[in-house]
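Here is a short report on strands, ring contacts and nonpolar cores. Keep the structure open as you read.

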Amino acid sequence: MTGDQTAQVMAAVMMLVLVGSSLAARRLPIGQAARMIAGWLLIFAVVLVGYSYRFELNQVVRRVTGDLLGERGQTVGDTLRVPMAPDGHFWVRAQVNGEDVRFLIDSGATTTAVSMRTAEAANVTVDRGGFPVAINTANGVVEARSGRIARLTLGPIQSRDLGVVVAEAFGDTDVLGMNFLSSLKGWRVEGQTLVLEPHKPGKGDSGSD
């Protein structure tokens, strides 16, 4: 049992002791007290399970939210059409080495950037031995590591061996930059829709950067 799990169990035990003491002070009938204790046990169990699987549940919530907001885009012919989000940006759901990742598409970013947590979850190859690179962000200059995404899938688009930069300082925002957009046959904004056009099979490799 880890320290985090031990703390969870101790907190649950303390809450049960408090509830038990409160019921004992009220001197309720045994049957009523037993039902109340069972109810509290169920509540604690749900909270404990929810906390233990909070990261997995967060992924599920983010995936469902992305589907509702159209972040997976719509494949029309050979193109992927991504609707503008309420915040005025274009967000997409992509598969990075099989892992579901939410990206902000930013033509102002030279290189695709992912957080260290995303890189670890998606098995992105990170060059930890080389010199870090300086990246200009909205919060100032941060140090990042170079990396490579072996396979990125975005609707009909397949990108391989895509260069990225990786840093803890990127937080929860992963960005698809110009090195990804320039690997496509073309991209454009039509009204409030971003249109991504991949290379057709045999006429180029969308994974080059």
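## Strand pairing

Strand E2 (residues 79–83) pairs with strand E12 (residues 193–197) in the antiparallel sense. The pairing runs over 4 bridges. Arg81 stands opposite Val195 in E12. Bear in mind that this is a predicted model.

E2 has another partner: strand E1 (residues 74–76). These two strands also run antiparallel, joined by 3 bridges. Val76 has Thr79 in E2 as its bridge partner. E1 and E2 form a hairpin, with 2 residues between them. In the turn, Gly77 has a positive phi of about 65°.

## Rings and a charge

How many aromatic pairs does a search of the whole structure find? The count is 0. One ring does meet a charge, though: the charged end of Arg102 sits over the ring of Trp91. The distance to the ring centre is 3.9 Å.

## Nonpolar cores

The largest nonpolar core has 28 residues. Phe103, Leu152, Leu154, Phe180 and Leu196 have the most contacts inside it. Among the elements that give two or more residues to this core are E2, E12, strand E4 (99–105), strand E8 (140–154) and helix H5 (178–181). Strand E9 (157–167) is on that list too. E9 provides the largest share, 4 residues.

A second, separate core has 6 residues. Ala113, Val142, Ala144 and Ala167 are among them.

## A look at Leu152

What is Leu152 in contact with, leaving aside its neighbours within four places in sequence? The list includes Phe103 and Phe180. Ala94, Val96, Ile157, Leu162 and Leu176 are also on it.

Key:
Residues are numbered from 1 along each chain as its sequence is written. This is a predicted model: local features need pLDDT of at least 70, side-chain atom pairs count only at pLDDT 80 or more; totals for chains, interfaces and linings use all residues. Side-chain values use heavy atoms; hydrogens and water are left out. Two strands pair if DSSP finds at least two bridges between them. Rings of Phe, Tyr and Trp (its six-membered ring) pair if their centres lie within 6.5 Å; planes under 30 degrees apart count as stacked, over 60 as edge-to-face and the rest as tilted. A charge sits over a ring if NZ of Lys or CZ of Arg is within 6 Å of the ring centre and within 35 degrees of the ring normal. A nonpolar core is a set of buried Ala, Val, Leu, Ile, Met, Phe, Trp, Tyr and Cys residues joined through side-chain atoms within 4.5 Å. Buried means under 20% relative accessible area, exposed over 50%, partly exposed in between (1.4 Å probe, protein chains only). Contact means heavy atoms within 4.5 Å.
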